[in-house]
Amino acid sequence: MATNIIRSIRKGSAQWSEEDRLQLVSILAKAGYAVKIGRRIVPGTENKPKPQMEYTVEYWEVE
């Protein structure tokens, strides 16, 4: 099972809103994918005073 991850870094002009992420999840689920939405610290920023966060949408084919 291959998992695909779409990342959306929180800061910047290209950030996705919560509504955008939910619409993407809905489209992927309707297309037959299993979907997981989450949030995590951007690798490499763990030791900073204010680590940067990114939102993720993971999806994979259900067999």
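**Getting to know strand S3**

Mentor: Let's start with Thr56, which lies in strand S3, residues 53-61. Keep in mind that this is a predicted model.

Trainee: Okay. Why does Thr56 count as buried?

Mentor: Buried means under 20% relative accessible area. Thr56 comes in at 5%, so Thr56 counts as buried.

Trainee: And which residues is Thr56 in contact with, leaving aside neighbours within four places in sequence?

Mentor: Contact means heavy atoms within 4.5 Å. By that test, Thr56 meets Ile5, Ile6 and Arg7, plus Lys36, Ile37, Gly38, Arg39 and Arg40.

Trainee: What makes S3 largely enclosed by the rest of the structure?

Mentor: Count the buried ones: seven of the nine residues of S3 qualify, so the strand is largely enclosed.

Trainee: How do you know that S2 and S3 pair?

Mentor: The cut-off for pairing is at least two bridges. Strand S2, residues 33-41, and S3 have nine bridges, in the antiparallel sense. For example, Tyr33 stands opposite Glu61 in S3.

Trainee: Which residues make up the largest nonpolar core?

Mentor: There are five: Leu24, Val25, Leu28, Val57 and Tyr59.

Trainee: What does Tyr59 touch, not counting residues up to four places away in sequence?

Mentor: Leu28 is one of its partners. Tyr59 also touches Ala2, Thr3, Asn4 and Ile6, along with Tyr33, Ala34 and Val35.

Key
Residues numbered from 1 in each chain as written. Predicted model: local features only at pLDDT ≥ 70, side-chain atom pairs only at ≥ 80, totals over all residues. Heavy atoms only, no water. Helix = DSSP H or I, 4+ residues; strand = E, 2+ residues; numbered from the N terminus. Buried < 20%, exposed > 50% of the residue type's maximum accessible area, 1.4 Å probe, protein only. Core = buried A, V, L, I, M, F, W, Y, C linked by side-chain atoms within 4.5 Å.
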